[in-house]
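Subject: Structure handover

Hi,

Here is the structure we talked about. Please open it first, then read my notes below.

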Amino acid sequence: MGNLGETLDALRSELIDAVNAAEGLDALEQLRVSALGKKGRITHLMKEMGGLDADARKARGQDLNALKTDIAAAIENRKSTLAQAALDARLMEERLDVSLPVRPESEGRIHPISQTIEEIIAIFGEMGFAVAEGPEIEDDWHNFTALNIPPDHPARQEHDTFYLPGENSRESGGGRTLLRTHTSPVQVHTMQSSKPPLRIIVPGRTYRCDYDATHSPMFHQVEGLVVDEATHMGHLKGCLIDFCRAIFGVEDLPAKFRASYFPFTEPSAEMDIGCTREGGEFRIGHGDDWLEILGCGMVNPKVLENCGIDSTKYQGFAFGIGVERIAMLKYGIPDLRTFFESDLRWLRHYGFSPLQIPSMVGGLNP
Ligand code: DAH
């Protein structure tokens with residue numbers, strides 16, 4: 001018996017070696033047939049057991065069955081190794097290189113207003129401002145009253161407001177519903193819904209009943225608001241000077257602040273930047289002229305109180321920027337009305353590539 005056992009051990013390791021060396025599924029199948037098939041070697045040994053006596057046959061049968069199981073298992077094992085290798089090879093071969101550049105076949109362009117807003121967000125984003133939004137349909141209170149523009153205030157007349165039919169619900173303070181005339185009401189929403197410190201900008205659409213080469217009934221503003229315990233006028237000036245230098249790409253751009261009046265700021269100022277006037281055109285930078293670029297000021301304590309913020313503890317500054325004005329100056333667009341005429345030739349000329357997103361590291365308009 002010992003002799004027969006040794007023969008089986010030799011056969012086992014011979015077959016297992018062959019199985020593990022098989023290079024493909026065909027070779028493996030051939031091996032299976034030659035060992036376990038009808039005329040296979042193990043099958044043959046099983047048939048030979050007929051000549052043994054009962055005890056010997058039982059022992060031999062167990063050995064052969066164990067061998068059969070081992071070989072079948074080795075074949076299954078090898079099969080999954082080969083299948084995995086085949087899959088890996090296929091995955092390597094059929095790999096999709098998603099890093100390939102997109103073919104520039106679409107002619108879509110980014111509108112200069114969207115581009116300018118993205119640039120403004122990139123600059124203030126770098127300074128730690130978050131973007132806030134608010135509704136374009138407002139109530140009297142958010143658009144005017146809370147901003148220290150009471151019902152009989154002359155500033156209301158200057159706003160050429162589009163009023164909507166119907167009254168507001170009593171919960172929102174009653175009064176008329178309107179299309180917001182500036183982005184400043186989002187200051188109010190933000191102060192009502194979050195606690196200081198606040199540092200937000202609000203890009204968005206605004207509406208006034210006005211139409212000529214420099215006015216459109218729908219236009220865009222970016223509001224800014226900072227509220228905390230320590231921010232003062234020096235921060236306002238530094239922040240807005242840095243902004244103008246970054247947006248116009250002029251490092252030593254001259255800037256000055258002129259005293260002005262807005263009901264929601266105290267003191268209020270208008271900011272002018274240096275320019276040269278050539279014919280009707282402006283060139284931003286050193287020159288003998290000044291150009292008004294935005295309105296700003298320290299948030300009026302009355303506004304803070306209207307929004308439930310303790311004005312003995314908190315203070316801050318606000319500003320409002322006209323997006324069309326910045327875009328016209330920066331990109332040499334002479335007539336504001338053309339922004340909203342949807343002329344594709346105009347857009348192809350003044351538009352921007354959708355793949356070049358403004359950022360402080362990548363460049364504002366690469
Ligand atoms: N809301 C003003 C307007 O539409 C612009 C403005 C001026 C906003 C000064 C401000 C500010 O936040 O401080 O004319």
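Which residues of H3 and H4 meet? Ile42, Leu45 and Met46 of H3 meet Arg60, Leu64, Asn65, Leu67, Lys68 and Ile71 of H4. Here, contact means heavy atoms within 4.5 Å.

Some ground rules. This is a predicted model, where local features need pLDDT of at least 70, side-chain atom pairs count only at pLDDT 80 or more, and totals for chains, interfaces and linings use all residues. Numbering starts from 1 along each chain as its sequence is written, and side-chain values use heavy atoms, with hydrogens and water left out. Helices (H or I, at least four residues) and strands (E, at least two) are DSSP runs, numbered from the N terminus.

Helix packing

Two packed helices are described by the angle between their axes and the distance between the axes. Axes are lines fitted to C-alpha atoms, for helices over the stretch in contact, and angles run from 0 to 180 degrees between N-to-C directions. Angles under 35 degrees count as roughly parallel, over 145 as roughly antiparallel, 65 to 115 as roughly perpendicular and the rest as oblique.

Back to H3 and helix H4 (residues 54-93). Their axes come within 10 Å and cross at roughly 170°. H3 is therefore roughly antiparallel to H4. The contact of H3 with H4 has six nonpolar, one polar and two charged residues. The classes: Ala, Val, Leu, Ile, Met, Phe, Trp, Tyr, Cys and Pro are nonpolar, Asp, Glu, Lys and Arg are charged, and the others, Gly among them, are polar.

Next, helix H2 (residues 25-36) with helix H3 (residues 41-48). Their axes come within 3 Å and cross at roughly 10°. So H2 and H3 are roughly parallel to each other. Ser34, Ala35 and Leu36 of H2 meet Arg41, Ile42 and Thr43 of H3. By class, the contact of H2 with H3 has three nonpolar, two polar and one charged.

Then helix H5 (residues 112-126) and helix H11 (residues 323-331). They pack at about 100°, with axes 9 Å apart. H5 is therefore roughly perpendicular to H11. On the H5 side, the contact residues are Pro112, Ile113, Gln115, Thr116, Ile117, Glu119 and Ile120. H11 contributes Val323, Glu324, Ile326, Ala327, Lys330 and Tyr331. The contact of H5 with H11 divides into eight nonpolar, two polar and three charged residues.

Ligand

There are 15 residues around the ligand (a heavy atom within 4 Å of it). His182, Ser184, Arg208, Gln221 and Glu223 come nearest. Polar contacts next (here, pairs of N or O atoms within 3.5 Å). A side-chain N or O atom of His182 is 2.9 Å from a nitrogen atom of the ligand. For Ser184, the side-chain N or O atom is 3.0 Å from a ligand nitrogen atom. A polar side-chain atom of Gln221 lies 2.9 Å from a ligand oxygen atom. On its own the ligand has 350 Å² of accessible area, and the protein covers 90% of that (Shrake-Rupley method, 1.4 Å probe).

Backbone

Most residues other than glycine have a negative phi, and most peptide bonds are trans. Pro196 and Pro197 are joined by a cis peptide bond, with omega about 5°. Pro197 sits in the loop between helix H8 (185-193) and strand E5 (198-207). Another cis peptide bond joins Glu266 and Pro267, with omega about -5°. Pro267 is in strand E8 (residues 265-278).

Best wishes

Definitions and conventions. Polar contact = N/O pair within 3.5 Å; in protein donor to acceptor, adjacent residues only side chain to side chain.
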